[in-house]
Amino acid sequence: MKLPEPRDVAPRLATGAFLLNSGLGKVTADDETAAGIHGLACTAYPFLEKLEPRVFVRLLAWSEVAVGSALLAPVVPSRLAGAALTGFSAGLVGLYLRTPGMREPGSLRPTQDGIPLAKDTWMLGIGLGLLGTGARWGCCRGRRRCRR
């Protein structure tokens, strides 16, 4: 088993703990909370209207738990955890970009209401960074001869 690179530990711990906590908080969401979360998601992604609010929120919650757990588990390779985080957070960034009132007109800058959703761009950046774990820009890295 190969442990994560030391540079990957902090972003995995911080993001994993955040997602795990968020997901566990939604697992027992009441009907009113589920309706609010579902309604916001449907604004950006109308196809989600086919799901009942409680079903949607439970799926969202367990998705957050799964991605958070993958990030926290050292046995999960950083690239795999990064792929999960990138996919999940890309959907959240889409929510930010598609929901009216979250951004300043004609800009990517968030409004006050958009700040909680805009933070998901950080998770996307962390996910993309983890996807690049182990990638090499060039095999020589300034040496005269490549040794493979």
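Accessible areas here come from the Shrake-Rupley method with a 1.4 Å probe, and for residues only the protein chains shown count as cover. This is a predicted model, in which local features need pLDDT of at least 70, side-chain atom pairs count only at pLDDT 80 or more, and totals for chains, interfaces and linings use all residues. Residues are numbered from 1 along each chain as its sequence is written, and side-chain values use heavy atoms, with hydrogens and water left out.

**Stop 1: the whole protein**

Select everything and show a surface. The protein exposes about 9400 Å², and 63% of this is supplied by carbon and sulfur atoms. Taken along the principal axes, the box filled by the C-alpha atoms is roughly 60 × 40 × 25 Å.

Now switch to a cartoon. Helices (H or I, at least four residues) and strands (E, at least two) are DSSP runs, numbered from the N terminus. Read from the N terminus, the order is α-α-α-α-α-α.

Next, colour by burial. A residue is buried under 20% relative accessible area, exposed over 50%, and partly exposed in between (1.4 Å probe, protein chains only). Of the 148 residues in the protein, 35% are buried. Contact means heavy atoms within 4.5 Å. Among contacts between residues at least 6 apart in sequence, 64% join residues at least 24 apart.

**Stop 2: the nonpolar core**

Select Leu19, Leu48, Phe56, Val67, Leu71, Leu85 and Phe88. Within the largest nonpolar core, which has 26 residues, these touch the most other members. Such a core is a set of buried Ala, Val, Leu, Ile, Met, Phe, Trp, Tyr and Cys residues joined through side-chain atoms within 4.5 Å. The elements giving two or more residues to this core are α2, α3, α4, α5 and α6.

Which residues does phenylalanine 88 touch, not counting those up to four places away in sequence? Centre on Phe88 to find Leu19, Leu60, Ser63, Glu64 and Val67.

**Stop 3**

Select lysine 26, which lies in helix α1. Is lysine 26 buried or exposed? Lysine 26 counts as buried because its relative accessible area is 17%. Apart from neighbours within four places in sequence, lysine 26 is in contact with Ile37, Val57, Leu60, Ala61 and Glu64.

Leucine 24 also lies in helix α1. Its relative accessibility is 47%, so leucine 24 is classed as partly exposed. Draw a line from the C-alpha of leucine 24 to that of alanine 61: the two are 37 residues apart along the chain and 6.5 Å apart in the model.

**Stop 4: leucine 40**

Move to leucine 40, in helix α2. With a relative accessible area of 31%, leucine 40 is partly exposed. Leucine 40 and leucine 95 are 55 residues apart in sequence, while their C-alpha atoms are 8.3 Å apart.

**Stop 5: the pockets**

Grid points are joined across faces, edges and corners, and a volume is the space filled by probe spheres set on the points.

Select Ile37, Phe56, Leu60, Leu92 and Leu95. Of the 25 residues that line the largest pocket, these lie nearest its centre. The volume of the largest pocket is about 570 Å³. Helix α3 gives the most to its lining, with five residues. Nonpolar residues are Ala, Val, Leu, Ile, Met, Phe, Trp, Tyr, Cys and Pro; charged ones are Asp, Glu, Lys and Arg; the others, Gly among them, are polar. The lining of the largest pocket has 18 nonpolar, three polar and four charged residues.

The second largest pocket has a volume of about 160 Å³. Its lining includes Lys2, Pro4, Val76, Arg79 and Gly134.

**Stop 6: the cavity**

Finish with Lys26, Val27, Thr28, Ala29, Ala34, Arg54, Val57 and Arg58, which line the largest cavity. This cavity holds about 30 Å³ of space. Its lining has four nonpolar, one polar and three charged residues.

Conventions: On a 1 Å grid over the protein atoms alone, a cavity is a set of points where a 1.4 Å probe fits but cannot get out, and a pocket is an open set with protein on both sides within 12 Å along at least five of seven lines; lining residues have an atom within 4 Å of a point.
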